[in-house]
Number of protein chains: 2
Amino acid sequence: MEAGDRQARHFEEELTMLRERLLMMGGLAEESVRLAVQGLVQREPATIRRVLDGDRAVNDLHIEIDERAFTLLALHQPMARDLRTVVATIKINTDLERVGDLAVNIAEAAERYLLHPPVKPLIDIPRMGDVAQRMLRDALDAFVKRDPELAQNVLDRDDDLDALKTQVFRELLTYMLQDPGTIEPALDLLLVSRHLERVGDHATNVAEDVIFIVSARDVRHHARE
Amino acid sequence: MEAGDRQARHFEEELTMLRERLLMMGGLAEESVRLAVQGLVQREPATIRRVLDGDRAVNDLHIEIDERAFTLLALHQPMARDLRTVVATIKINTDLERVGDLAVNIAEAAERYLLHPPVKPLIDIPRMGDVAQRMLRDALDAFVKRDPELAQNVLDRDDDLDALKTQVFRELLTYMLQDPGTIEPALDLLLVSRHLERVGDHATNVAEDVIFIVSARDVRHHARE
């Protein structure tokens with residue numbers, strides 16, 4: 001086997017490993033969001049605790065993936081689509097780390113929320129959680145399959161999340177105006193809805209990176225207009 | 001002149017240009033935050049409008065810088081510190097774009113806030129704006145000067161911003177509990193304080209990237225612990 005072939009094979013192996021670690025990171029981040037929302041809705045302090053304690057794993061993986069991507073750039077100096085893939089991995093890694101942070105923020109708000117009696121049965125917030133998680137999962141799926149249509153589909157769903165957030169806001173505002181006793185816990189629910197909206201924003205970023213890898217076309221900003 | 005020298009000089013020129021564009025982007029993002037807070041505090045709809053209309057310039061620059069950095073990686077395949085600089089530029093560019101988005105979010109909240117009578121004289125929010133802007137400016141300054149001490153100093157100031165945010169929250173909560181008429185505008189002030197906190201987070205990210213470039217040491221997460 002030629003040295004060039006060997007190096008190419010080595011690069012492919014490293015790239016596969018990088019992708020696997022990134023997916024693992026995505027799975028952890030998504031699971032943290034799911035648990036944080038579950039802990040809030042089902043009022044489970046132990047579940048909330050798990051999210052707060054699990055942050056370290058996401059952070060460790062964040063650094064590991066960054067180092068892998070960086071080493072890959074330094075050693076193999078990939079070109080064209082491979083280069084776009086590695087650069088996109090660095091960006092997606094950042095987005096996933098922020099999703100992990102947002103799960104922690106949701107868990108912190110949930111912890112405070114549980115100190116009060118429930119403001120109302122939570123319907124739209126778990127719905128927002130479902131939409132945001134699915135957007136994230138599909139964006140990562142689109143990354144693995146290099147599927148720009150699935151990525152575009154993720155972009156289209158951002159409006160659903162925005163509509164739910166507006167609905168949550170209006171409803172909670174009504175509660176707060178009617179009964180000042182609900183103000184403090186309602187503020188935490190508002191925060192949670194904002195955090196979930198931002199999980200959706202990060203899924204959108206990932207989807208845009210997928211379109212960039214596949215088509216070398218930059219859809220950012222244009223897609224948002 | 002050797003071909004290699006010519007290429008090295010070409011690379012240096014491109015890198016300088018990349019840095020200049022990034023600083024321009026930083027200046028625009030910082031100015032947008034400043035104007036958004038000024039529009040809110042001084043109740044100036046025209047200033048708020050300027051922020052909302054100026055978003056396009058930041059977005060265009062974001063795409064241009066990304067393309068420049070990417071082309072630099074593809075054509076010159078830089079090594080070691082040069083590679084770290086280009087990768088960091090891609091990350092910093094993302095952070096600055098988000099700061100631009102946050103300025104728009106602040107301007108949107110300010111626009112809604114002006115529909116109501118003022119809740120209170122705003123003291124801590126402009127203070128938060130000053131701290132966040134200075135953190136961002138110093139982080140970019142640390143990037144240009146490759147100054148890890150200045151970068152570390154930016155990281156240390158994140159706690160000031162957090163303390164101010166907590167103070168703003170407590171005070172606004174008191175207003176809301178006493179007078180439900182203040183709930184709606186106070187919610188927008190709370191949002192603004194969160195947005196400013198996030199501007200500080202992005203400055204922190206930039207500072208961490210600077211430390212990464214200079215020392216190849218990854219301070220993320222460790223620094224936060």
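In this predicted model, 21 residues of chain A are in contact with 21 residues of chain B, two residues being in contact if their C-beta atoms, placed from the backbone, lie within 7 Å. On the side of chain A that touches chain B, at least two residues each come from α2 (45–76), α3 (80–113), α6 (158–178) and α7 (183–215) of chain A. Helices (H or I, at least four residues) and strands (E, at least two) are DSSP runs, numbered from the N terminus. By class, this side of chain A has 13 nonpolar, 4 polar and 4 charged residues. Ala, Val, Leu, Ile, Met, Phe, Trp, Tyr, Cys and Pro count as nonpolar, Asp, Glu, Lys and Arg as charged, and the others, Gly among them, as polar.

Residues are numbered from 1 along each chain as its sequence is written, while chains are lettered from A and ligands numbered from 1 in the order in which they are written. Because the model is predicted, local features need pLDDT of at least 70 and side-chain atom pairs count only at pLDDT 80 or more, whereas totals for chains, interfaces and linings use all residues.

**Chain A as a whole**

Chain A contains 7 helices and 0 strands, and its pattern along the sequence reads α-α-α-α-α-α-α. Taken along the principal axes, the C-alpha atoms of chain A fill a box of roughly 75 × 40 × 20 Å. Of the 225 residues in chain A, 46% are buried. A residue is buried if 20 or more other C-beta atoms lie within 10 Å of its own, exposed if 12 or fewer, and partly exposed in between, with C-beta atoms placed from the backbone. Among the contacts in chain A with a separation of 6 or more, 81% are between residues 24 or more positions apart.

**The nonpolar core**

In soluble globular proteins, nonpolar side chains tend to be buried together. The largest nonpolar core here has 136 residues, of which A:Ala36, A:Ile106, A:Ala139, B:Ala36, B:Ile106 and B:Ala139 touch the most other members. Such a core is a set of buried Ala, Val, Leu, Ile, Met, Phe, Trp, Tyr and Cys residues joined through C-beta atoms within 7 Å. Apart from its neighbours within four places in sequence, B:Ile106 is in contact with B:Val33, B:Ala36, B:Val37, B:Leu40, B:Val192 and B:His195.

**Helix pairs**

Between the chains, the axes of α3(A) and helix α3 (residues 80–113) of chain B come within 11 Å and cross at roughly 45 degrees. This makes α3(A) oblique to α3(B). Axes are lines fitted to C-alpha atoms, for helices over the stretch in contact, and angles run from 0 to 180 degrees between N-to-C directions. Angles under 35 degrees count as roughly parallel, over 145 as roughly antiparallel, 65 to 115 as roughly perpendicular and the rest as oblique. Here A:Val87, A:Ile90, A:Lys91 and A:Thr94 in α3(A) meet B:Val87, B:Ile90, B:Lys91 and B:Thr94 in α3(B). The residues of this contact comprise 4 nonpolar, 2 polar and 2 charged.

Within chain B, the axes of helix α4 (residues 124–145) and helix α6 (residues 158–178) come within 10 Å and cross at roughly 165 degrees. The two helices α4(B) and α6(B) are therefore roughly antiparallel to each other. From α4(B), B:Asp124, B:Ile125, B:Arg127, B:Met128, B:Val131 and B:Ala132 meet B:Asp160, B:Leu161, B:Leu164, B:Lys165, B:Gln167 and B:Val168 in α6(B). This contact divides into 7 nonpolar, 1 polar and 4 charged residues.

**Individual residues**

| Residue | Other C-beta atoms within 10 Å | Class |
|---|---|---|
| A:Ile65 | 23 | buried |
| A:Ile48 | 24 | buried |
| A:Arg43 | 14 | partly exposed |
| B:Arg146 | 15 | partly exposed |

A:Ile65 is found in helix α2 of chain A. Leaving aside neighbours within four places in sequence, A:Ile65 is in contact with A:Leu18, A:Arg21, A:Leu22, A:Met25 and A:Asn93. A:Ile48 is also placed in helix α2 of chain A, and, with neighbours within four places in sequence left aside, its contacts are A:Ala36, A:Gly39, A:Ala107, A:Ala110 and A:Glu111.

A:Arg43 lies in the loop between α1 (3–41) and α2 of chain A. Phi of A:Arg43 is near 55 degrees, a positive value in a residue other than glycine. B:Arg146, in the loop between α4 and α5 (148–156) of chain B, has a positive phi of about 50 degrees although it is not a glycine.
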